[in-house]
Amino acid sequence: MNKVVPSDIEIAQACKMKPIVKIASNCGIHEDEMELYGKYKAKISLDVFERLKDKKDGKLVLVTAINPTPAGEGKSTTTIGLGQALNKIGKKAVVALREPSLGPVFGIKGGAAGGGYSQVVPMEDINLHFTGDMHAITAANNLLSAAIDNHIHQGNALNIDIRNIVWKRVLDMNDRALRDTVVSLGGKANGFPREEGFMITVASEVMAILCLSTSLQDLKRRCGEIIVAYDFSGNPIRCHDLKVEGAMALLMKDAIKPNLVQTLENTPALIHGGPFANIAHGCNSILATKLALKIGDYCITEAGFGADLGGEKFLDIKCRYGSLTPSAVVIVATVRALKHNGGVAKPDLNKENVDALKQGFVNLKRHVSNINKYGVPAMVAINKFYSDTDDEINTLLELCNEIGVKAVVNNCFTDGGEGGVEMAEALVNLIDNSKSDFKFLYPNEMPLKEKIETIVREIYGGDGIIFEGKAKKQLETIESLGFSNLPICMAKTQYSFSDNASFIGAPTGFKVTVKTVRVSAGAGFVVCETGDIMTMPGLPKLPAFEKIDIDEKGTITGLF
């Protein structure tokens, strides 16, 4: 008989949280190293790194997944459940996650705090304003936008070409009406009219900078390096030319500090930074991950969407800048999602279909093969759904065994840490009996075009790339400015290895079309936008906010 599980918010509201001071004390953080945001949330001072600098790091474990489908995979749920399960078997684990964006919370995806009995709490706060990090990033980004238009209005001493301003305003909300706008209308007093546009906050280079910075001064330096526009001679105009990086850093002086909360089972959780993986690099902050490695024997962290996006960027961008070496990778898969990759429509996913599962297994197989290219030990976590049959589960276990990867069923959604004990034991065994020989997919010195081709060929399984005219010129400009040594951040659909969302499974024989190329000089990577990727998403016909409410007692309902 299937276990009846209440809604996520009902479970979260019923849990017994410990004071965050107690959670911090249990993992070696001193009270004077905390800034409390009520009883159950705290920011951790960066001074803690000086005290813990000689402490040996724990084991770094990346949780990634197959390509997401409408069936859902449960990567965050598995990440949180795995952290809880490790503590169940006597290990000291800390979870490190990204912060949710208000866009998907009120849009179609819902919250990002896990699910069932594997959640981080206080769930309502985490999914809404939390500690204000998203707002600080939005403000810093838009201060820079204001500085650009003010500089032009006040005489334009830098000779900024208003036809070649590459910096955009941001908002932490899905709002398609803001994708393309015109600013400074209304006459001379309002500046010079020009075309402008908004991105969602998580796509901002400022978000990427916060997540890749190693100190407040590093954040300020990186902000100063942001290229915001070009002058009439084609020379880049940087943020430090406008003398605004200090004020931007000031706005983020608290945002740069990792946030400490807890899981339903009181496992410490650091939630900090939230770039999307389809339009940005998709990983939580280096600072939060490094702190988790200092205060835990295992840091369990995730990267957004599938291993072809967040996983690749974690390994090739975050690990490169953070000098991180993962000990293992856990790839989350579900029977339902693999059946979808085998051609089954969403309404029929609850019906047993072993043949479709076998056909869709090619998606998981390619992800496993890709992780092997990095030299990191991998295992598969099968996130079990109530509709999965014994034949389907056994078939998936056999298929994984045939390609030489350990697969374990987890029931973290319904049973919390207890449901992930076998998975936790398998992970510990994998790490103890395997050596991580981690290596990047490409070296820094490889030309940009070859780096892009390497990702497309080795990770996506494609035959090559097609640069549209504008993208080709942009790439040439970026190389001429001396940015050839930067890693690549591919902006691509999450639903397929290719740039076409309808190409499910493990497609071959395709080329990826690069539409635009831009350098994020402060973050330290080159962004390639492919397909129909949107940096400002829109709301669906039935947005999630229609079900969200609060009553006179302050009780929240409908929040996932």
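Q: In which sense do strand β12 and β13 pair, and over how many bridges?
A: Strands of a sheet pair through backbone hydrogen bonds, either parallel or antiparallel. Strand β12 (residues 227–231) and β13 pair in the antiparallel sense, over three bridges. Two strands count as paired if DSSP finds at least two bridges between them. Strands (E, at least two residues) and helices (H or I, at least four) are DSSP runs, numbered from the N terminus. This is a predicted model, in which local features need pLDDT of at least 70 and side-chain atom pairs count only at pLDDT 80 or more, while totals for chains, interfaces and linings use all residues. Residues are numbered from 1 along each chain as its sequence is written, and side-chain values use heavy atoms, with hydrogens and water left out.

Q: Which residue of β13 is the bridge partner of Y230?
A: The partner of Y230 is P236.

Q: What is the strand order of the open sheet, and which strands are at its edges?
A: The order of this three-stranded sheet is β7-β12-β13, with antiparallel pairing. Its edge strands are β7 (160–165) and β13 (236–238), each of which pairs on one side only. From one strand to the next the twist averages 50°. Axes are lines fitted to C-alpha atoms, for helices over the stretch in contact, and angles run from 0 to 180 degrees between N-to-C directions.

Q: Which helix packs on the sheet?
A: Contact means heavy atoms within 4.5 Å. Helix α7 (residues 133–153) packs on the sheet and touches β7 and β12. The direction of α7 makes about 135° with that of β7.

Q: Is R238 buried or exposed?
A: Buried means under 20% relative accessible area, exposed over 50%, and partly exposed in between (1.4 Å probe, protein chains only). R238, in strand β13, has a relative accessible area of 18%, so R238 is buried. Leaving aside neighbours within four places in sequence, R238 is in contact with G224, E225, I226, I227, V228 and F483. R238 and A521 are 283 residues apart in sequence, and their C-alpha atoms are 9.1 Å apart in space.

Q: At what angle do the axes of helix α4 and helix α17 cross?
A: The axes of α4 (residues 75–88) and α17 (residues 421–433) come within 8 Å and cross at roughly 80°. That makes α4 roughly perpendicular to α17. Angles of 65 to 115 degrees count as roughly perpendicular, under 35 as roughly parallel, over 145 as roughly antiparallel, and the rest as oblique. On the α4 side the contact is made by T78, L82, A85, L86 and K88, and on the α17 side by V421, M423, A424, L427 and V428. These residues divide into eight nonpolar, one polar and one charged. Ala, Val, Leu, Ile, Met, Phe, Trp, Tyr, Cys and Pro count as nonpolar, Asp, Glu, Lys and Arg as charged, and the others, Gly among them, as polar.

Q: How many disulfides are there?
A: A disulfide is a covalent bond between the sulfur atoms of two cysteines. The rule asks for a pair of cysteine sulfur atoms within 2.5 Å, and the count comes to zero. The sulfur of C223 is 6.2 Å from the closest cysteine sulfur, in C239, which is too far for a bond. C223 is buried at 0% relative accessibility.

Q: Where is a cis peptide bond found?
A: One joins V121 and P122, with omega about 5°. P122 is in the loop between β6 (118–121) and α6 (123–127).
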